[in-house]
2 protein chains.
Amino acid sequence: MLELAILGLLKEQELHGYELKKRLTDALGAFSSVSFGSLYPALARLEAAGAVQVVTTQAPAPALPAPAVPMTGSIAGEAAAFRARRAAARPTRPSRTRKVYAITARGEQVFEELLEADSTSGDDDRAFNLKLAFCRHLPPERRLGLFEKRRALLVERLAKARTSHRTLKERMDLYTQSLVDHGAETTEADISWLDSLIALERKGGTPS
Amino acid sequence: MLELAILGLLKEQELHGYELKKRLTDALGAFSSVSFGSLYPALARLEAAGAVQVVTTQAPAPALPAPAVPMTGSIAGEAAAFRARRAAARPTRPSRTRKVYAITARGEQVFEELLEADSTSGDDDRAFNLKLAFCRHLPPERRLGLFEKRRALLVERLAKARTSHRTLKERMDLYTQSLVDHGAETTEADISWLDSLIALERKGGTPS
DNA sequence: GAACCGATATATCGAGCCGATATGTCGAGA
DNA sequence: TCTCGACATATCGGCTCGATATATCGGTTC
């Protein structure tokens, strides 16, 4: 499941592990945190599978990522200005011992397989959020299929929750009842949201 | 995290592993699925820690296996109810090789510790749902503390999502933007729900 | 200028959880 | 009879996590 995120990010830009982790937690931190303990093994797996490839080690890679940091030569003062500039625009300063990864042709193939695979894990929600974050790489009809499959899953989950709530209401205490109720409402909201996504898709409003 | 659920169920009734799994997936299946691959090791851990205890093996199981347990289980499944009905209608003859577990005094202690522990895992949501399903065993003021701690976490998450959405909007495509938006709305709804739970708690409407 | 701190960067470890699978019993039905 | 599905326990490999180890670099502090 992490592979999908890694490949999705590498599809856009070559990155090293640390930066990869920062982008993952920045963009999707609310939904899923990523730890180094899973990131680095995942990168190793992908490399072993030929899906990614180390393109740079120990070098600042002058070609694309680093836009030639000017490095003002003044010695005294303006530490505040320097700090502000560093905080505002930070183009990934080069450092020693980093491994920059790039996606391979095989990796592109794996990426698409992962995007369309039925989530093997029981954690459907996280998987769908991840897929949504990268579904722009899918052709429109497959994207639509992804949305509708997700919608069907949510409808089924809602139905199960409703029958469960009806048949077990007497046995459940108020807290569990409230939990199930709220879960059902959340699922309803998810379905409505998916409906809006599907409608947008049918209209043809496909973004970049 | 599974320990909490196991102890919570065993607090109400002595059960064997298979039945334990069925009740878990029946009642909380919408939120978290439980597999044997985690259930049996968890039971072994709990037994090693002295939190549970095997009370019956090779159960002869006459009419009433559990002595003086009034079956007030609030967490029970539709299928479990069906089985109970069928068992009442026909004389149950199961079964060989099953291990019925009971909670110990030490287990009760562990249960309360788990209920109040800050979730060590990154999976806060599942953990809170589980805690809510068993929080009736907590004294009211601790229950309130649990709710308010959860509320604070959600507020923080919402704030982070909002700033993230503001600062990274340009980088994100429409799908990811929609995902973050919907996540924020869901979190808002969660906070409102928690507010209603807190209000109910302050009013003193403590159930069973 | 030395000593320290935080950010950068890679990597491993133990433990928990999951899906899949193995093993075996039992009752119902083809 | 013999197979099929439910019951029941248990293990295996794999993935993810939090914690931890290691090391460099820039900036702050004394």
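Q: A polar contact is a pair of N or O atoms within 3.5 Å, where one must be able to donate a hydrogen and the other to accept it. How many residue pairs between chain A and chain B count as such in this predicted model?
A: The count is 10 residue pairs in polar contact, with both residues at pLDDT 80 or more. On the side of chain A that touches chain B, at least two residues each come from helix 2 (17-28), helix 6 (124-134), helix 7 (140-168) and helix 8 (174-203). Helix 8 of chain A gives the largest share of that side, 14 residues. By type, the side of chain A that touches chain B divides into 17 nonpolar, 8 polar and 11 charged residues.

Q: What makes A:Arg136 and B:Asp173 a salt bridge?
A: The rule asks for a side-chain nitrogen of Lys or Arg within 4 Å of a carboxyl oxygen of Asp or Glu. In A:Arg136 and B:Asp173 the closest N and O atoms are 2.4 Å apart, so the pair meets the cut-off of 4 Å. Across the interface of chain A and chain B, the rule finds 4 salt bridges. Over all chains, a search of the whole structure finds 32.

Q: How do you know that chain A and chain B are in contact?
A: Contact means heavy atoms within 4.5 Å. By this test 36 residues of chain A are in contact with 42 residues of chain B.

Q: What area do chain A and chain B bury between them, and which residues of chain A lose the most?
A: The size of an interface is often given as the accessible area lost when the parts come together. For chain A and chain B this is about 3,400 Å², with 65% of it on carbon and sulfur atoms. In chain A, the most area is lost to chain B by A:Arg171, A:Tyr175 and A:Leu179, together 25% of what that side buries.

Q: What makes a space in this structure a cavity, and how many of 30 Å³ or more are there?
A: A cavity is a set of points where a 1.4 Å probe fits but cannot get out. The structure holds 2 cavities of 30 Å³ or more.

Q: Which residues line the largest cavity?
A: Its lining is A:Met1, A:Leu28, A:Phe31, A:Ser32, A:Arg126, A:Asn129 and A:Leu130. They divide into 4 nonpolar, 2 polar and 1 charged. Helix 6 of chain A supplies the largest share, 3 residues.

Q: Which residues line the second largest cavity?
A: B:Leu28, B:Phe31, B:Ser32, B:Arg126, B:Asn129 and B:Leu130 line the second largest cavity. Helix 6 (residues 124-134) of chain B gives the most, with 3 residues.

Key:
Residues numbered from 1 in each chain as written. Chains lettered and ligands numbered in written order. Predicted model: local features only at pLDDT ≥ 70, side-chain atom pairs only at ≥ 80, totals over all residues. Heavy atoms only, no water. Buried area = accessible area lost by both parts, 1.4 Å probe. Polar contact = N/O pair within 3.5 Å; in protein donor to acceptor, adjacent residues only side chain to side chain. Helix = DSSP H or I, 4+ residues; strand = E, 2+ residues; numbered from the N terminus. Nonpolar A, V, L, I, M, F, W, Y, C, P; charged D, E, K, R; others polar. 1 Å grid on protein atoms, 1.4 Å probe; cavity = no way out; pocket = protein on both sides within 12 Å on 5 of 7 lines; lining within 4 Å. Points joined across faces, edges and corners; volume = space filled by probe spheres on them.
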